[in-house]
Amino acid sequence: MQMDTPNRAVASGTGRKIERQALRRIGTISLGALGCLTLLMSGCLKIEPSDETPARQKALVTLRAERREMAHKPRRIIFNNDGNDAFVPAGEPHTRENFLSKRTAPLVGSQVDAIFFCTGVFNLYNHHSSETEPFIIKPRMQGNTRLEDWGWELGRHGPDTLATMVDFGHKHKIEVFWSMRMNDTHDSSDPGVLCQWKREHPDCLMGTYKEKFVAGGNRWSALNYAMPEVREKVVRILRDVATRYDVDGLELDFMRSPVYFKPQMLGKPVTQQQCDLMTDMLRRVRAMADETAAKRGRPMLIAIRVPDSVGFASALGLDVVRWLKEDLVDMMAVSCFFQLNPWETSVQLGHQYGVPVYPSLSEPRFTNGQSQRVRKSPECYRGRALDAWQAGADGIYMFNYFDPRSRLWRELGDRDTLQDMDQLYPAGTMATSMIGWLAGGMQWMNRPMPLPEKPLTITPGGKASIEISVAATVNNQSKLTPCVQARLLVDDVASAKDLTVKLNDQALPDSVPAGAWLEYAVDPSAVKQGVNRLELTMPAAGNGTKLLDAVLQIWYKSAAISVADEFSVEYVEKTVK
């Protein structure tokens, strides 16, 4: 496992001054409130002996304990909602009931214990604010359907989207965090979501739309966090929400999008000084959140979503280890559209500092349509969730999955239930294209390349080997009888029919064609929890073939479902309901 050497950030004079001021303001709070005194416990702030009164020290211990307790409450599933609940076909009623019906109300009674709710892109939000601009999108066509976004209208006559979500969540004992995408860059390709603040502060952006960059996804409109105006603006936005709404916490989503400093755009290293600037901003957010919590009398948690490699994160300017050491964050979600390490790496890191960890099960983004459909199936999501639970995760974080009636919301949060449910394990779950946003980013890849992105050509007389990790214990003394199949996606079924296949040194019977796939029956006793190895051999007299994908599927049914049906668009759409 890859454990990278962390950067060593040093608190700036500005950060210490702000934190001292916050401490003075909290001097009269009750023992039950959560104050920014927690910074003292982290060691990132020192005070004079004259300030260390017995009452202050007692309050310090009590207040930090309350925040810790809240951070470690059970969260089986965290649902990240991008806030497009009301971006729907024109003609629907513009009511709070309809708004909640789209993604939220059906979750009552599910395993969703927290909703991380995003209300827009940078500085364009559909919640009330004295700091930001209203997020109003003009109707647009999607094919033959006219779409309109009326979420902003809710705030004209009563609770806005965020207040509505908070009220509903608390009524049904679901936490609600406000999620801020720390560098949303949809405006690089969609001028309709480029806020006025960015237009008026072009020097705070990475460049202009005419410029081309070697990395950073060429997101010219991304904020440049080296600019003090940017960091100050972000803190003000977060403070505005924290002091205006009764949210349970704030999420700082650094995965949307993973670019923060200009050197990255140019393919050059981010400096330690730039890492320190970001860390100092986190200190300010922590102090602000704790001060707000002290005034309202209950904790204000800070969650982050970051890459699952500290080396990759540091190369972006995110000194995650330093943040954990200084107690700047309470919860950590990891990964998004790519995964660099086994989940155990992030779990071990977070737990080392007493921070719960939530692997992010984001949508796969493979260009091969069949590989994409396989990975969007409920069976694959179950396998991914079980893999996270087996790694010691504290819960499951779902991103870009919006059907509130999907059965997955009532399955993925229970490891024991998942064990005896149908599962699917592919040769690689997430695409790697976004890793290229960081020049040299693949150096932190500590997992096998996903097969759809690196197909294997097997020539006559040639061999190939594939690793597939399985989280389930197939022979687990269950009352159910497991069935297992290996399935290979090839470019030409006729040419591949002569392949001989072994799983963990056990020969598999002849294949059965099913569309573009070849199916092989597997003795369940051959499947291991952990890494399984498929070995393929093409006879010298064969024609050769190209292997595009491979999966192992486990199910508990009386008969196998043909892969041609199992992974059809209609099947996937039907089974996620």
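A: The account below begins with the basis of the values and then turns to the pocket and to elements of the fold.

The model is predicted, so that local features need pLDDT of at least 70 and side-chain atom pairs count only at pLDDT 80 or more, while totals for chains, interfaces and linings use all residues. Residues are numbered from 1 along each chain as its sequence is written, and side-chain values use heavy atoms, with hydrogens and water left out.

The largest pocket has a volume of about 840 Å³. A pocket here is an open set of points on a 1 Å grid over the protein atoms alone, where a 1.4 Å probe fits, with protein on both sides within 12 Å along at least five of seven lines; lining residues have an atom within 4 Å of a point. The volume is the space filled by probe spheres set on the points, which are joined across faces, edges and corners.

In total 38 residues line this pocket, and Arg447, Pro448, Glu467, Ile468 and Ser469 lie nearest its centre. By class, the lining holds 21 nonpolar, 11 polar and 6 charged residues, where Ala, Val, Leu, Ile, Met, Phe, Trp, Tyr, Cys and Pro count as nonpolar, Asp, Glu, Lys and Arg as charged, and the others, Gly among them, as polar.

Elements are DSSP runs numbered from the N terminus: helices are H or I with at least four residues, strands are E with at least two. At least two lining residues come from each of H12 (343–352), E13 (357–361), H14 (378–390), E15 (423–426), E17 (463–470) and E23 (530–537). Strand E17 gives the most, with 6 residues.

Of these elements, H14 is mostly covered, with 11 of its 13 residues buried, that is, under 20% relative accessible area with a 1.4 Å probe and protein chains only. Among the buried residues are Glu379, Arg382, Arg384 and Trp389. The end C-alpha atoms of H14 are 18 Å apart, which agrees with the 18 Å that its 13 residues should span at 1.5 Å a residue; the expected span is 1.5 Å times one less than the number of residues. Just after H14, glycine 392 takes a positive phi of about 95°.

Elsewhere in the chain, strand E18 (483–490) has 7 of its 8 residues buried, so it is largely enclosed by the rest of the structure. E18 pairs in the antiparallel sense with E24 (545–555) over 8 bridges, pairing being defined as at least two DSSP bridges between two strands.

Definitions and conventions
Buried means under 20% relative accessible area, exposed over 50%, partly exposed in between (1.4 Å probe, protein chains only).
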